[in-house]
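Subject: Handing over a structure

Hello,

I am passing this structure on to you, and my notes on it follow below. I hope they make a friendly way in.

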Amino acid sequence: MKSTPFFRSANSHSAQNRRPVALRPSLEIWRGMALPLLAFLLLPLAALLWRADLSQLWVHLADPVALQAIRLSLETTTISAFLIVLLGTPVAYLLARYDFPLRRVVDTLIDLPTVLPPAVAGLGLLMAFGRRGWLGAPLELLGIEIAFTAVAVVLAQLFIASPFYVRAAAGAFASIESELEQAASLDGASQWQVFRFITLPLVRMSLLSGLVMSWSRALGDFGATILFAGNFPGRTQTMPLAIYLGFEMDLDVALALSVILIASAFLVLMLVKWLLAGERE
Amino acid sequence: MKYRSLSICLFCLALLCAGCLAPADGSSSKPPTQEVVVFAAASLTDVFAEIGTAFTATNPQAAVTFNFAGSQQLASQLAEGAPASLFASADQRQMDAAVAAGRVDPASVALFACSRLVVVASGDRVAALSDLATPGVKLVIGADAVPVGAYALAFLDAAAADPAYGEPFRAGVLANVVSYEQSVRAVLSKVRLGEADAGIVYATDAQAVADVAVIDIPTQLNQLAYYQVAPLRDAIAPEMTREFFSFLLSSEGKGLLSAAGFSTDCASATPE
């Protein structure tokens with residue numbers, strides 16, 4: 001079974017399956033029917049950008065609460081992204097290349113966090129890594145405290161976001177012709193050399209796009225973070241938490257942070273499409 | 001292949017369960033006609049649920065729906081136009097916000113209950129009030145915007161001005177805060193889970209749970225939370241809303257509030 005990353009399947013097919021020109025007259029009808037959803041998706045974003053006073057954007061972003069949140073978000077998501085690649089790549093390779101008992105169960109487990117409500121993830125993390133949790137209690141005896149620290153933020157992001165990378169990477173590994181790797185290994189390349197010089201360069205762009213997707217997901221997490229890591233400015237209050245709190249304290253700061261997140265999400269998605277298009281050519 | 005048959009079995013089992021759990025329709029003869037939507041402070045969760053049950057028992061044609069959250073969150077929702085019938089806030093500030101947003105007529109606001117602050121603790125690191133300032137203790141309180149958070153900060157200010165505690169006490173306590181939570185119930189949950197050693201909540205929240213130790217805050221430092229209620233200008237089901245409003249202030253409503261640990265005779269005292 002070859003698993004394709006779900007956010008890729010749409011555009012990877014559209015290029016080849018484009019309808020012949022003869023059927024084009026119905027374009028007008030389809031366009032009319034597509035309009036309501038497109039308008040619905042666009043409307044909240046447009047309203048938010050309209051309401052956020054863009055000329056005052058920098059003033060609100062210079063607010064200490066906003067600055068701390070941005071810095072914390074960047075730091076934690078960078079560490080999360082690093083861990084996701086380090087720990088996710090072997091999982092993706094394993095899933096794409098080997099058959100083993102309970103493979104399908106593992107495959108399903110990897111997808112689970114993407115459909116779970118993040119609050120469930122947060123609660124689960126508390127039960128496992130909280131001070132009275134399975135691992136949290138022994139770790140505390142060793143003097144390692146996770147709850148209410150930036151470490152908790154990273155763990156929450158890792159849980160929520162890593163499946164996006166693993167899914168993309170597994171799809172990419174599965175799409176490589178195994179003859180290429182066999183040829184290299186017949187020529188005397190070691191397993192590591194095959195992976196490093198043949199496999200990796202072929203999937204580079206897919207891995208990068210999966211990473212960017214999952215980084216973006218980590219950046220946006222709210223539910224798991226607030227439940228597991230709590231809310232403390234500069235320590236665990238990431239941008240989404242600051243937006244939530246800002247909704248009650250200072251709407252302008254919340255709007256300014258929202259604009260940043262929308263812009264970064266948009267850039268990320270454009271980047272992903274560009275990377276994947278580049279790899280296909 | 002064997003996983004496929006396993007998953008088919010599980011699927012069938014799930015269908016069976018869903019069948020068992022499906023509500024037996026037709027039992028309710030008359031659908032309730034008027035729905036009162038109550039926006040209430042998180043600390044009122046248990047007592048308002050009881051009051052709602054008692055209210056619908058005497059008014060069978062009424063249905064009561066609750067939206068429990070931090071008062072500040074409810075006030076924000078109201079300011080953004082959320083449809084509702086009644087707003088019960090845990091402090092003056094958030095009721096003022098609803099008034100400022102034009103949703104509440106200031107003349108219709110009524111004080112209906114009071115509660116005071118206590119410290120709840122789990123584990124053995126916090127046994128007395130002074131332990132709150134011991135380095136290494138993990139403390140959670142409400143965020144400044146949340147009424148219980150604002151009251152907690154006011155308590156710390158009062159303690160700082162009191163020679164028995166002083167400024168170092170306040171500084172020590174604030175240094176121990178590890179999270180500013182979004183509602184009093186979130187504070188309580190973090191303490192019950194043992195994630196935090198202690199938290200500051202209302203006495204009424206602490207009364208409802210058995211698994212935390214309760215430490216009293218002396219009266220001269222304590223802060224009274226004044227619960228205020230008002231029907232909205234544009235209330236959903238305005239007549240039934242008035243009924244609910246009077247029920248809350250009636251002797252039956254007060255009885256339920258007192259049973260839950262709220263003080264109702266503060267209604268004569270004026271909030272500062």
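**Between the two domains of chain B**

Across the interface of domain 1 of chain B and domain 2 of chain B, the rule finds one salt bridge, a term for a side-chain nitrogen of Lys or Arg within 4 Å of a carboxyl oxygen of Asp or Glu. The side chains of B:Arg185 and B:Asp46 meet in a salt bridge, at 3.1 Å from N to O.

Before going on, please note that this is a predicted model, in which local features need pLDDT of at least 70, side-chain atom pairs count only at pLDDT 80 or more, and totals for chains, interfaces and linings use all residues. Residues are numbered from 1 along each chain as its sequence is written, chains are lettered from A and ligands numbered from 1 in the order in which they are written, and side-chain values use heavy atoms, with hydrogens and water left out.

Domain 1 of chain B covers 34-113 + 227-268 and domain 2 covers 115-224; such bounds come from an automatic or database domain assignment. Taken over C-alpha atoms, the centres of these two domains of chain B are 26 Å apart.

**Between the chains**

How much area is buried between chain A and chain B? The value is about 2300 Å², with carbon and sulfur atoms giving 52%. Chain A brings 26 residues to this contact and chain B brings 28. Three salt bridges are counted between the two chains. In one pairing, B:Lys138 meets A:Glu145 with the closest N and O atoms 2.7 Å apart. On the side of chain A that touches chain B, the elements giving two or more residues are α6 (118-129), α11 (223-228) and α12 (239-249) of chain A; helices here are DSSP runs (H or I, at least four residues) and strands likewise (E, at least two), numbered from the N terminus. The largest share of that side, five residues, comes from α12(A).

A:Arg51 also forms a salt bridge with B:Glu80, at 3.9 Å between the closest N and O atoms. This pair runs from helix α2 (residues 27-51) of chain A to the loop between α3 and β3 (86-89) of chain B. A:Arg51 is partly exposed at 49% relative accessibility, and B:Glu80 is partly exposed at 46%. For these words, buried means under 20% relative accessible area, exposed over 50%, and partly exposed in between (1.4 Å probe, protein chains only).

Over all chains, the structure holds 19 salt bridges. A:Asp111 and A:Arg167 form one with their side chains, 3.0 Å from N to O. A:Asp111 lies in helix α5 (residues 103-115) and A:Arg167 in helix α8 (residues 150-175) of chain A, so the pair ties together parts that are 56 residues apart in sequence. A:Arg167 is buried at 3%, whereas A:Asp111 is partly exposed at 25%.

A:Glu140 and A:Arg131 form a salt bridge too, with the closest N and O atoms 3.4 Å apart. Through shared partners, salt bridges join A:Arg131, A:Glu140, B:Arg125 and B:Asp197 into one network.

Best wishes

Technical notes:
Contact means heavy atoms within 4.5 Å. Buried area is the accessible area (1.4 Å probe) that two parts lose on being put together, summed over both.
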